[in-house]
Amino acid sequence: MTTFFKYLKSKRSLQLMLALGLFFFLSPRAYADKPAAAEKTSPTIKLSYKIHNGVKTVKVAVSYKEEKKFIPVGNIIVNLYLGEVKKFDKVSNDGWMGNLVTDDEGECVFMFPDNFNTLKANVHSFNFIASIGSDPKYEDTQEEITVNDMFIKLAFAKDSLTTVNAKLCKMQDSGMVPVPETEMKLLVKRAFGALPFGEDNLTTDADGLVSGVLPADLPGNANKSITIMARYEDQENDGIVEVSQDIPWNILPRENKLSQRTLWSSGHNAPVILVVVTVSLIILIWGTISYLVILLLRIRKQR
Amino acid sequence: MKEIIKPVNEQEAIEMLHRYNEDLLPQKFGMAGKLWVTILCLVIAIGLYNYFWQLKLGLTVTGLSDTVSWGIYISNFVFFVAVSLVGSLITAILNLLNVSWRAPITRISEIIAVSGIMFAGLIIIVDMGRPDRILNMFLHGRIQSPIVWDVIVVMTYMTISLLFLIFPLLPGIAFCRDRMTNIPKWQHKMYKILSFGWTNKKAQYEIVVKAIKILSVLIIPVALSIHTVTSWLFATTYRPGWDSTNFGAYFVAGAFMVGAAAVIAGMFIIRKFYNRYDEYITDKHFDRMGRMLVLLSFVYLYFTVNEYFIPGYKMKGDEGEHLKELFVGHYAPMFWMVQIFGMIIPILVLLFPKGRKPVPIFIMAVFVIIGAWFKRYLIVIPTMLHPFLPLQQIPEASKHYSATFAEWSITGASLAGALLVITLFIRYFPIISIWELAEERGVPHDTIYEHLNEKE
């Protein structure tokens with residue numbers, strides 16, 4: 001044993017190789033999520049669209065499946081085409097619309113330019129194609145989505161702001177047509193999401209209308225307003241059509257309990273007794289520690 | 001057992017001092033010492049390498065999840081805090097009680113306390129997913145949060161423990177500075193800086209004695225509060241197994257026990273590998289420390305019975321489910337091993353004088369230390385897996401916890417790091433305080449001031 005260690009001690013390069021070998025062997029890289037470099041992985045593209053206040057966007061999510069889990073694919077280029085996969089055609093305004101790079105979550109959002117509606121004024125159903133091609137790590141893949149030209153109009157009853165009417169319409173060659181027998185949601189925006197109001201399972205009537213009554217005691221925000229939303233979820237094409245509008249609202253927000261001095265408030269609103277006791281103890285103990293440090297420095301002076 | 005012979009005249013006192021000077025200088029390591037340091041460095045290097053990947057990839061390299069967000073890093077933190085409590089027990093309490101056999105073991109307990117609390121602080125940072133945001137804790141921390149209390153008290157205890165180590169060590173560092181001539185320049189420079197210009201003046205001794213008195217009083221409440229506050233991290237969280245008013249006292253009792261065991265283990269190893277140290281760390285010290293350990297074990301046993309018997313008698317709701325897991329379920333083997341090997345067997349062995357001889361007491365101390373680590377594991381992990389709210393609609397993996405190699409290696413590195421700090425301290429500084437030992441054995445103060453640094 002002693003001879004072995006003496007030998008090892010004399011061989012620096014051997015020591016280094018042993019250490020490196022051990023590091024490599026014990027590396028967590030072995031269990032880090034990373035596809036093999038040699039063979040290409042088959043990715044999945046998921047497309048969804050959203051039309052919010054008339055603005056159209058298409059969201060692209062890229063992932064691959066590994067051990068029953070979807071792993072997001074970040075930093076990959078996705079090309080988006082309208083109609084068919086080809087170069088942009090200035091006559092028909094079809095073809096390549098642009099490209100995007102996914103973020104760490106494997107997602108990117110394509111926002112259509114302002115002049116899109118003007119250029120495609122006579123088209124009311126759009127077929128979008130997202131494509132990944134020539135990537136060194138991932139196989140070529142493409143996915144399609146159909147976006148219908150739909151919108152929602154919000155209106156309020158004449159005598160009251162609490163009754164909200166929403167009309168779901170779609171554009172056709174003949175013009176604007178109401179969409180009957182379709183489930184919609186009426187929502188009011190809150191701090192961490194949207195709160196539904198009105199009856200359950202609101203369905204549009206023959207005129208494409210739904211209506212709901214806002215709770216009268218609903219607190220608004222400090223600016224004396226609330227945000228009303230109407231939403232249609234196009235489950236067939238994986239899309240959302242929604243509209244939102246701020247309306248005046250006289251009920252101010254409830255007093256925030258966090259502004260009181262409690263154990264569950266923010267740090268600035270800690271109970272006074274707790275602050276006094278804690279700060280006193282800190283001053284007492286750290287004051288004594290400071291005195292001890294002075295004593296330590298005084299030792300040097302005594303030499 | 002070797003009797004301590006007190007000097008009858010000044011000449012004998014001077015000779016005694018000279019002998020201490022010869023015996024108690026730091027000694028160079030032999031093959032075993034070098035091998036030990038190499039192993040520790042290797043374990044630390046592996047841990048650092050894995051920590052690098054943890055920083056790069058995040059806590060995903062660990063087995064932690066939304067359910068078990070506190071794993072072995074936190075149980076290791078509680079273990080380090082427990083071990084660090086020993087500094088106040090041996091140094092402060094025995095000092096205030098004027099116990100006559102404390103001098104050879106005080107510094108061992110002080111360095112164990114300092115390294116323990118240092119690594120308690122470090123392991124908390126390791127447990128953070130984004131350690132670069134630690135400053136936010138000080139800038140935006142809420143004084144209502146026990147985590148903030150814990151950070152404050154850990155820093156305070158670390159500072160006090162360091163001062164408690166440094167003050168009585170100053171004559172020893174100066175002693176090394178003046179007496180050790182055949183050493184590298186950096187080592188001499190280190191002694192020169194750390195000795196704070198110590199020249200064995202009476203006024204300097206008076207300052208040190210005054211500082212030790214203040215520290216002995218100050219460290220006790222701070223040491224008690226560090227472990228109490230650590231227990232409150234758990235007790236203020238509404239979970240089965242932690243919802244206990246007994247927790248503060250229970251943690252303090254457990255900390256005293258493992259701390260005393262750590263000192264016994266340290267005493268045994270130093271005596272074993274340093275020549276002539278058996279004249280200073282005698283069988284009597286082991287016997288006394290054994291008595292202390294058995295007393296502390298009984299106190300801990302009392303709190304353990306309180307902690308488990310009453311909830312176990314009622315077995316109500318989720319608390320009952322949690323206890324069932326400990327008593328007869330998945331964690332039962334570990335739970336009963338901890339109780340039997342970490343408490344019952346040491347008590348039975350140490351009750352008898354033969355059990356308090358160096359070898360058996362060392363084995364019992366190792367049992368207590370290992371048992372204490374796993375006890376902290378049992379405090380943290382099973383409770384995390386049994387929240388009051390049912391575990392629904394979560395990935396299957398989040399319903400279990402198994403520490404990954406990265407966690408074990410980083411935890412191992414922290415333990416190795418603490419041992420390395422103690423080892424290097426023993427290598428470069430006198431581990432027995434010569435002036436305190438001389439004082440304890442009846443050498444007059446004036447003789448110590450005049451002759452401490454003399455060669456024979």
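Predicted model: local features only at pLDDT ≥ 70, side-chain atom pairs only at ≥ 80, totals over all residues.
Trainee: What makes His322(B), Leu323(B), Glu325(B) and Leu326(B) the buried residues of helix H12 of chain B?

Mentor: A residue is called buried if 20 or more other C-beta atoms lie within 10 Å of its own. In H12(B), residues 317–327, those four are the buried ones.

Trainee: How do you know which side of H12(B) they sit on?

Mentor: Their arc around the axis is only 155 degrees, which puts them on the same side of the helix.

Trainee: Over to chain A. What makes S1(A) and S2(A) a pair?

Mentor: Pairing needs at least two bridges. S1(A) and S2(A), the latter spanning residues 55–66, have nine, in the antiparallel sense, so they count as paired. Tyr49(A), for one, stands opposite Val58(A) in S2(A). Their hairpin has two residues between the strands, and Asn53(A) there takes a positive phi near 50 degrees.

Trainee: Which residues make up the covered and uncovered faces of S1(A)?

Mentor: Ile45(A), Leu47(A), Tyr49(A) and Ile51(A) form the covered face, while Thr44(A), Lys46(A), Ser48(A), Lys50(A) and His52(A) form the uncovered one. In a regular strand the side chains alternate between the two faces of the sheet.

Trainee: What does S1(A) give to the contact between the domains of chain A?

Mentor: First, the layout: domain 1 is 44–148 and domain 2 is 150–248, with 28 Å between their C-alpha centres. Domain 1 puts 13 residues into the contact and domain 2 puts in 14. On the domain 1 side, S1(A) gives the largest share, six residues. By class, that side has five nonpolar, seven polar and one charged.

Trainee: How many residues does each chain give to the contact between A and B, and what leads on the chain A side?

Mentor: Chain A brings 24 residues and chain B 35. Helix H4 of chain A, residues 272–301, gives the most to chain A's side, with 13. That side has 15 nonpolar, six polar and three charged residues.

Note on methods. Residues numbered from 1 in each chain as written. Chains lettered and ligands numbered in written order. Domains from an automatic or database assignment. Contact = placed C-beta atoms within 7 Å. Nonpolar A, V, L, I, M, F, W, Y, C, P; charged D, E, K, R; others polar. Buried ≥ 20, exposed ≤ 12 C-beta atoms within 10 Å, placed from the backbone. Arc of directions from axis to C-beta.
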